[in-house]
Amino acid sequence: MSAAHRKPRQRSLTGPTARTAATLALASAATATALDGAAHAEPRLTPSQVKAKVDQLYQEAEKATEKYNGAKEKADKAEKKLGSLRDEAARRTDRLNTQREALGSAAAAQYRTGALDPAVQLVLSSDPARYLDNAALADRLGTRQASAVGRVQRELRQIDQLRSEADGRLAELRERQGELKKQKKTVTGKLAEAKRLLDQLPAAERVGAGAGDSGAADRASRSDSSREVPSGALPKAPDSRTAAAISYAYSALGSPYVWGATGPNAFDCSGLTQAAYRSAGISLPRTTYSQINAGPRIPRSQLQPGDLVFFYSGISHVGLYIGNGKMIHAPNPSAPVRIAPIDEMPFAGATRVA
């Protein structure tokens, strides 16, 4: 091999030169690690900052929950209507098949008897008078057959219309199911982020930030209930149905919050109010933004027990008013159904249902 193609020999570092190189390498690595850590480290939030962030996430999750509830209500209606249309189409198809069989039998009978000219049949007949009677009967039968054909044609058109409407309902159902999936993803994402933030705090600080022990919250709520209602007496209600709704809400104290739930063992906010009035024989819509239109609007100064009270600009939370500035509501996953002052959230309006 020629000298021109030989690789130059690597010179090893020794002595002071090697020590200087190693020092520079370590310093460079440390600097890079420090910068990398600074770039990725999240600032530690105080408990109050965590609480504010978690409250915001819960509110955003509740908005998505109400959208989920609305989409589910519409999906259920679309699915029910689709099933009804399909059942009706099946019944009409059975009836159509019966009519077709009758027409087929009549056509086969005509084929077997042949189709002689009526004048020839009259000439050959041994009893012309009887033949004329039979001819009149055959004419009436022909009219009935034509009517049967018309019924079959109408049935076919109606079945086509039913199937077309069912296709539209199916498309609507799939759209609602897509909306359900989207809102479910939003809700679960917000709740998971809230849990992640709370898990970063020590247990003692976590309680103050909104992740208290559910058993303790249950006991506290029931304790509040006993203080608010001496000797077990319920707030005075304007009528028996309102009284029944309030009684149901009290019986639900301590039940867990579960988004999308309408009882009897768990609730979200609008699920609780819907269940309370359902127990009184009154049907409420599923969502907060529909429930606010379920009755006349009531000024805050005229609230009475049984009124629905709504919160936030997007009407994303609702509670059942029980008097003295208090309500029963299902707050969020960090707390069960409980009594709370209506001042703890931005008041948006009230509705009187019964």
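1. A salt bridge here is a side-chain nitrogen of Lys or Arg within 4 Å of a carboxyl oxygen of Asp or Glu. By that criterion, a search of the whole structure turns up 7 salt bridges. The model is a predicted one.

2. Start with Glu60 and Lys190. Their side chains form a salt bridge, 2.8 Å from N to O. Glu60 sits in helix H2 (residues 47–113) and Lys190 in helix H4 (residues 128–199), so this contact ties together parts that are 130 residues apart in sequence. Glu60 is partly exposed, at 26% relative accessibility. Lys190 is partly exposed too, at 25%.

3. Next, a pair within one helix. Glu193 and Arg196 form a salt bridge whose closest N and O atoms are 2.9 Å apart. The two residues are 3 positions apart in helix H4, so about one helical turn separates them. Glu193 has a relative accessibility of 26% and counts as partly exposed. Arg196 is partly exposed as well, with a relative accessible area of 35%.

4. Then Asp307 and Arg352. Their side chains meet in a salt bridge at 2.9 Å, N to O. This pair links distant parts of the chain, 45 residues apart. Asp307 lies in the loop between helix H9 (288–291) and E1, while Arg352 lies in the segment after strand E5 (347–351). Is Asp307 buried or exposed? Its relative accessibility is 1%, and the cut-off for buried is under 20%, so Asp307 counts as buried.

5. On the nonpolar core: the largest one holds 29 residues. Those touching the most other members are Tyr250, Phe267, Leu272, Tyr277, Leu308, Ile328 and Val337. Two helices, H7 (240–251) and H8 (269–278), each give two or more residues to this core.

6. Strand E1 deserves a look of its own. Both of its faces are covered. Leu308 and Phe310 are buried on one side, Val309 and Phe311 on the other. Leu308 is also among the core residues with the most contacts to other members.

7. Which strands pair with E1? E2 does, antiparallel, over 4 bridges. E5 does too, again antiparallel and through 4 bridges. Phe311 can be followed in both directions: His317 stands opposite in E2, and Phe347 is the bridge partner in E5.

8. Last, the turn. The hairpin of E1 and E2 has 5 residues between the strands. In this hairpin, Tyr312 adopts a positive phi near 75°.

Technical notes. Residues are numbered from 1 along each chain as its sequence is written. This is a predicted model: local features need pLDDT of at least 70, side-chain atom pairs count only at pLDDT 80 or more; totals for chains, interfaces and linings use all residues. Side-chain values use heavy atoms; hydrogens and water are left out. A nonpolar core is a set of buried Ala, Val, Leu, Ile, Met, Phe, Trp, Tyr and Cys residues joined through side-chain atoms within 4.5 Å. Buried means under 20% relative accessible area, exposed over 50%, partly exposed in between (1.4 Å probe, protein chains only). Two strands pair if DSSP finds at least two bridges between them.
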